[in-house]
Amino acid sequence: MTKTRSLRWSLPTLLLAATVNATDMPLNMTRGVTEISQQVYDLHMTIFWICCVIGAVVFGIMFWSIVRHRKARGVQPAQFHESTKVEILWTAIPVVILIVMAIPATKTLIAMEDTTEADVTVLITGSQWKWHYKYLENDVEFYSLLATPKEQITNRFAKGENYLLEVDRPLVIPTGKKVRFLMTSDDVIHSWWVPAFAVKKDANPGFINEAWTRVDEPGIYRGQCAELCGKDHGFMPVVVIAKSPADYEQWVNGEAERIAKAKAEEQELLAMNMSMEELMSVGARTYTAYCAACHQPNGEGLPGIFPALKGSAMALNDKPGHINVVLNGKAGTAMQAYARQLSLKEIAAVITYERNAWGNNTGELVQAADVHAVMQGKGE
Amino acid sequence: MALKHKPLTFKLAVTALAMFGFGFALVPLYDVFCDLTGLNGKTAATAASADAALIDTSREVVIEFIARPNKQMPWVFKPEVRRMTVHPGEIHIMNYLAENPTGRMIVGQAVPSVSPGQAALYFHKIECFCFTQQQLAGGKNMLMPLQFYVDPALPSQFSTITLSYTLYDVTSAWTGDTAASSQLGE
Amino acid sequence: MSAVVTDHEHEHHDHKPSGIKRWLYTTNHKDIGTMYLVFALIMFFIGGAMAMVIRAELFQPGMQFVEPNFFNQMTTVHGLIMVFGAVMPAFTGLANWMIPMMIGAPDMALPRMNNWSFWILPFAFLILLMSLFMPGGGPNFGWTFYAPLSTTYSGDSTALFVFSVHIMGISSIMGAINVIVTIFNLRAPGMTWMKMPLFVWTWLITAFLLIMVMPVLAGVVTMVLTDKYFGTSFFDAAGGGDPVLFQHIFWFFGHPEVYIMILPAFGIVSSIVPTFARKPLFGYASMVYATSSIALLSFLVWAHHMFTTGMPVAGALFFMYCTMLIAVPTGVKVFNWVATMWRGAMTFEVPMMFALAFIVLFTIGGFSGLMLAITPADFQYHDTYFVVAHFHYVLVTGAVFSIIAAAYYWLPKWTGHMYDEKLGQWHFWCSLISVNMLFFPMHFVGLAGMPRRIPDYALQFADFNAFISIGGFLFGASQLIFVAVLVKCARGGEKATAQVWEGAEGLEWEVPSPAPYHTFETPPVIK
């Protein structure tokens, strides 16, 4: 499979490559996997068929007229130009059709907005360009980032099956339970969308929005950010895995354990010194995942929007300042505070990387303890 | 300009100017509209009076508390408890923990949002840290209180009210000095 | 209707300054109309070139030609140029040329302001286009410039963007004032309200919409400017503002704006269909009432662009019902056009072909609009290619097709020559086929779940996007035929008669072709 795909993609002609890359696309809106999504689908089909019927009648008459009432056939034009009766008729009929349509639409909308009696609540926070999920019933929380490698996007590697629709850590929800989503954002407006659930809700900075779903089928469901949110808007997918309640419980416990373990490791790390090699390799990975979107893989940034790190005064000279800005971000810019997003080790590593990559050869190591010191206010 | 066009041209120009003003008038109008309908889930920015209505012990409402520092805000910011069950009319105090782990003074402003939005009309705050900006020196922590009650008139379809606070770093606006923190790459 | 016009009258007045000065200082409605139309055509091609960049990048999955930030600039500036640089100036150009001739006025009422409102426009777009070359690039937040993406998170070109939108707005408002004053004060004796051609009616209503909403746009861009540079917090939650407020104000402008771009099109089609059906327009009065009610309703539906922002159910229902209601007067118009054709004696010259394509394809856009009005279904359609398909059907096969139809219809009147019918038919058929290759599959892509404004997409969308891109390139190329027709017609061709079209009626067909530099200096008498 992978082999044939890479063969396909190595074809030089753009046109050929596009036509042989046959992946089936559904031609209609998904029915989805929830009761609501099914209702939405039914509404969509109803209004669609209504439009088709009206279209067939109107265009039918029009084409009949085009065929029959043409000058070439030697017809004499009639001169009638008004009829109040007809006008009233074709005002009234659409009104009736619309009223008929509005009734089921109203019912579905009311059902969609009823977020009461939820079993699980997840706080979803959008930020440029990743999602953060936090389960309110327990302390599980994590970021969910695009997992498609850069090389696939730049066409150096063959594209995988779920190209651009895969994340490192998907959201997991239990089946058969009412799951409530609270949406908010850390920066610009994002929109969390999973077509299979018919859930699309904007994540507004400073405000919360609600939506809910109840999924009966275990499975993997994919969606994307639907509101233009800046440069990498096209690269922040949503992946949700629905698991049976038992599997879900197991997963939650596993996650809680993983997070606790990571915290314990942090403490141990403070006493440890990592080697340049280790820091650089962890740093490169972290940089690619969290920093390269703005500061670019080559560290040169995008002039006028995202500052360069390569050769910058801060990356070369101001170590405490550098640590501080990575930890706490910079208010009023796109630079986020990573203290809560990354582990001490990752922060230490990524700063080491930034101070030693692309010819920024400071030779300096930044250890977890250094980061911790700045965090505690001692490094400044 | 021909004389006969002047009055109409003038009227139209004035209309255009008035509509420019109307664009700005939409800002307060929107706030009024939100206050009336709970459109955006904003709670009142000023204190409600403490003489609460009768306590309705026959009914329970779950209040969920969410506290998030914005991603550019380094504070730790948490509610003491995640949720609370209250009777409408009862006055409660809820504490939020704030900690400034950095080495510098930071000013925070909490922005409330209630969901479902209409419930915001029935969530009354007698005292709240969100009414004013909060200063916290580096390395220090504090408890920030919120005193509130739920209006017994809360429509019956609301059984859970989610109160979210997003905490913003407004230090630069506070000191008027935007160049306080050093910028990466400059 | 008939006018008393003597050829003798025109000959003295046809002297005009030559060279560049004629165009810079002109206060003649025909010169200004021509400049607007040429400007719109140039902008159509610049905006179109950006669309070609977008379609080239979307031809295949993966990033090939541009990086995402530049892609976003392309979608943004493409939208701004097509809306404010192509469609609106083209309609203003048509208004300048035709309204005085249709109502028997010697010129626009405020000729100097007319000159100004045109000449500030090129500068607005020069500023906008130059901002693309700034470090960090031009505006990249979509033509809807939602805050805070356009405030806290935007580049420094935002100031230029705001300035440029201000100039466009001032130009539009001045143009609109001029149209209204002209129609109110300069109608020839006997040209009563209900005798005015529908193009004049629809433009009058459009002009009122412009005066009502362009200042609101100016207000909202000003707020964006002060939020970004002067520390206000209209849209910043941290300072007590609300980003959703931006969308309310923007769409309060934005939805009437949509009708600004379609009402004059209704007027054009209502002029063309009776001419080529050789039969009076069916339901003239109901057309006027339908247009007015669409304009009024347009102020009550803005939040249907915002169903996913989280609004109370009651609000969503109100906006859903109002939006569905718009289908009624719009339907009346379509029914009237079909009834006009019914039992006529039709011929199918290029203007008629574009008008017929308009009726069918605009109606398809109307259908998808009705589908989008259904709030629960909108949650699935919103911000996908389904929406892109919808508004391109109403704006390209709607507004743009009507402008092209108008150009073919009045070209003989403007130049005095018939255009090349054969070439025109080629233009029509190539455009018709390619435009549907371009926009029709977008419905499917959107329903399958492809969000709009993304530079790269999942593999399942690949085939359709390749096909759409081919359609896009063909549509772009087809418009070159249009340029060929225009150039050929301007240079010469078969002499056009005053009436030009057998079934044409109205004052503009009673002056000779080409229309003399000054027309109706003595008001015609309308019987």
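How many salt bridges does the rule find across the interface of chain B and chain C? The count is zero, a salt bridge being a side-chain nitrogen of Lys or Arg within 4 Å of a carboxyl oxygen of Asp or Glu. The model is predicted, with local features requiring pLDDT of at least 70 and side-chain atom pairs counted only at pLDDT 80 or more, while totals for chains, interfaces and linings use all residues. Residues are numbered from 1 along each chain as its sequence is written, chains are lettered from A in the order in which they are written, and side-chain values use heavy atoms, without hydrogens and water.

Chain B contributes 26 residues and chain C 34 residues to the contact (heavy atoms within 4.5 Å). About 2,500 Å² is buried between the two chains, 76% of it on carbon and sulfur atoms; buried area is the accessible area (1.4 Å probe) lost on putting two parts together, summed over both. On the side of chain B that touches chain C, helix H1 (6-37) and strand S5 (106-115) of chain B are the elements giving two or more residues (DSSP runs, H or I of at least four residues for helices and E of at least two for strands). H1(B) gives the most, with 14 residues.

The largest nonpolar core has 290 residues; such a core joins buried Ala, Val, Leu, Ile, Met, Phe, Trp, Tyr and Cys residues through side-chain atoms within 4.5 Å, buried meaning under 20% relative accessible area (1.4 Å probe, protein chains only). Helix H15 (residues 385-415) of chain C supplies the largest share of this core, 22 residues.

Terms used
Buried means under 20% relative accessible area, exposed over 50%, partly exposed in between (1.4 Å probe, protein chains only).
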